[in-house]
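Here is a short briefing to read with the model open beside you. It goes through some charged pairs and then the overall fold.

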Amino acid sequence: MKGQGYRPEECGRAAWRGAEFLLRFARRPRHFAEWGSDFLNYFYVVSNTAADARLRRWARAEGAGLARRWRRLHPSVPADADAEAVYDLAYGSHYADLLGARDRALKSALLKAARRFRARDLLWFDPAAEPPPSDVPCRCRCGLWNERGRKTCAHCRRRLPTASRYLIWYSALIRTYMNARYGISFGARYADVLRWLPSLRPYPDGRSDPDFWDAAYAVTHVVYTLNDYDVYRLRPTWLPQEFAFLKAHMAGAVEAEDAEMVGEFLECLSCFGVGGRSRLVREGVDFLLACQNADGSWGETGTDDIYANYHTTLAAAGGLTEVGWRGERLAFPEAWALLGRRPAGAKRRQVPDAPPPL
């Protein structure tokens, strides 16, 4: 199917089928109990940004139903909730609010609960004081999260691999973005995390580098958080290194048959104004249309990993969904100074105690 050209009608049908699969998947009790916040995010973003008005209305209606269900499952903050649990409740509550199921009492309780924690409790590091670290252990196979710096598991004594600094950084970027949008704080701001982007460059130049995958998703989530999740276009000159990375590695993602990465790259290239006339976009679209499963999903959907079973579909459907962009803008005005850029007519501001400009 290579080279057949951009096919908007087929893309639209495939994106619809992907969304319908995600709805069926989300309706299963165990799936929703574990990942309900992510499903609310998806349905709200589609309802807010899709160019197809019928798809927007459908996503809004179905998302509203899921939001009411989420509220029934989460009426209060458990007394023993740790930082991770409080964050997930805030994440889900934010999108439940946006989908029409508001709960001011829960928000008040979450704001109070978050004050018990520091940035390191949620992000593994304090971005106001240090760059993304390289000494955070991955979760042990026995299920235990060990404290930062440990080499062996405190429970089973297995050797612990460490998470890449790219993963730690973009996880922090997503979390501080979501916290800012909900109006909650764990002691760190989005700008505190974004300021360290220069320390991640240059990016790995090939899939043989073990950090390549985390670097790729760091790039896509810089775009997502700065464009307010598909609300605004960004100019390539605002993020030239990230734009170059996407262009350089799209073909490799297609060749590797990596539907999740292809979907996210397509979404980000669209944000930068790269359209269906581009060879990279055509080849990415052709690949996703050719490998969609009969039930509307992409990738494997029957593994023991619930997240992996749906997230490839979420990313691929996002890459094929036409977006109704609302002009060019950064979601966070303070990011202009951190990017070393300024909006038209604005004077350049200095950011105290910041690393070199991006």
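Glutamate 34 counts as partly exposed at 44% relative accessibility, where buried means under 20% relative accessible area, exposed over 50% and partly exposed in between (1.4 Å probe, protein chains only). Its salt-bridge partner is arginine 30, with the closest N and O atoms 3.3 Å apart; a salt bridge here is a side-chain nitrogen of Lys or Arg within 4 Å of a carboxyl oxygen of Asp or Glu. This is a predicted model, in which local features need pLDDT of at least 70 and side-chain atom pairs count only at pLDDT 80 or more, while totals for chains, interfaces and linings use all residues. Residues are numbered from 1 along each chain as its sequence is written, and side-chain values use heavy atoms, leaving out hydrogens and water.

- Arginine 30 is exposed, at 54% relative accessible area.
- Arginine 30 and glutamate 34 sit 4 residues apart in helix 2 (residues 29–49), about one helical turn; helices (H or I, at least four residues) and strands (E, at least two) are DSSP runs numbered from the N terminus.
- An α-helix has 3.6 residues a turn, so residues three or four places apart point the same way.
- Helix 2 is mostly covered, with 15 of its 21 residues buried.
- A kink of about 85° in helix 2 is centred on tryptophan 35, the bend being the angle between axes fitted to the seven residues ending at a residue and the seven starting there.

**Other salt bridges**
- Arginine 71 and aspartate 97 form a salt bridge, their closest N and O atoms lying 2.6 Å apart.
- Arginine 71 belongs to helix 3 (residues 53–73) and aspartate 97 to helix 4 (residues 83–98), so this pair ties together parts 26 residues apart in sequence.
- Arginine 71 is buried, with a relative accessible area of 11%, and aspartate 97 is buried at 11% as well.
- Arginine 118 meets aspartate 121 in a salt bridge of 3.7 Å, N to O; arginine 118 is exposed at 53%, whereas aspartate 121 is partly exposed at 36%.
- Shared partners join the salt bridges of Arg120, Glu130, Asp135 and Arg148 into one network.
- Searching the whole structure gives 16 salt bridges.

**The fold as a whole**
- The protein has 14 helices and 0 strands.
- Of its 358 residues, 54% count as buried.
- Its C-alpha trace spans about 55 × 50 × 45 Å along the principal axes.
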